[in-house]
Amino acid sequence: MTTGKKLTAGDAELTVVPQDGCRIASLTVGGTELLRQGDRYGAFIMVPWCGRTENGRFRNGGIVHQLPVDAAPHAIHGTGRHTAWREARGGSDVAASYYFDLADPWPYRGRVTQTLELAESELRMTLSVEATDDSFPAQAGWHPWFLRNLGQGGRDVELEFSAAWQEERGDDHLPTGKRIDPKPSPWDDCFGMPDGVDVSLTWPEELRVRVTSPSEWVVVYDEQPEAVCVEPQSGPPNGLNTLPRLVTPIDPLEITTVWSWERLG
């Protein structure tokens, strides 16, 4: 098992595992774990695309590329989570930065960098995607698995957010292109927040975590009994095809999220 790097600020402690996709394996506050444990969980990075890409294909200009299908019939969540990252610079007890270079099966050269900054009451993360030579469409985001119940005899988490719209989801799990009024839970859905992502997770009388991002897209997934996911991302699922954001050598893609917390009761 690969040992992760620990960041500590006050009674908050984070463990990141660069060899395992730069995944956050653990985030504790006052000794209480916030993330579901296990190799597939914690909080992983979605890059250079988020969610499902239809049939694993996307177009860049007149060229169509085929990605590996790992959520048949689609390609899901990018290649960064399967890649070993390297430390970008000397870190500290409260900050660290990592990168990996895009390579096959992604057809374009580039570099992805993640910076983590831990404070006593918040975690700030920044992802950037840079093109080395040819321009290409890309997305970036985070997929945290927050525990539904903190395991200390308290109540399950309650989600609160106000979205301008919900992307209608088709039978193929992809947005249909139609925007609808937000529906009640359960969700495996993408929501639009033009003023920026702002979602609160409250474990009553225990803890509140607020997930924010200047980005206007968030996927909320709460269909599993063990955990709920609040995923800030730079575009909607299948966005490589429906809302491509071109990354060029002089115009990288950058996205930031802040998770802040406070004790309750």
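Leaving aside neighbours within four places in sequence, valine 209 is in contact (heavy atoms within 4.5 Å) with Leu34, Phe146, Val199, Ser200, Leu201, Trp203, Trp259, Ser260 and Trp261. The model is predicted, with local features needing pLDDT of at least 70 and side-chain atom pairs counting only at pLDDT 80 or more, while totals for chains, interfaces and linings use all residues. Residues are numbered from 1 along each chain as its sequence is written, and side-chain values use heavy atoms, with hydrogens and water left out.

Val209 and Trp259 touch the most other members of the largest nonpolar core, which comprises 62 residues; such a core is a set of buried Ala, Val, Leu, Ile, Met, Phe, Trp, Tyr and Cys residues joined through side-chain atoms within 4.5 Å, where buried means under 20% relative accessible area with a 1.4 Å probe, protein chains only. Apart from this core lies another, of eight residues, among them Tyr41, Cys50, Trp145 and Cys229.

Across the whole structure, 13 aromatic pairs are found, a pair being rings of Phe, Tyr and Trp (its six-membered ring) with centres within 6.5 Å, counted as stacked if the planes are under 30 degrees apart, edge-to-face if over 60 and tilted otherwise. Tryptophan 106 and tyrosine 108 form an edge-to-face pair, at 6.5 Å centre to centre and 65° between the planes; tryptophan 106 is buried, with a relative accessible area of 3%, and tyrosine 108 is likewise buried, at 9%. Ring pairs also link Trp106 and Tyr108 with Trp49, Phe58 and Phe136 into a cluster.

Key. Buried < 20%, exposed > 50% of the residue type's maximum accessible area, 1.4 Å probe, protein only.
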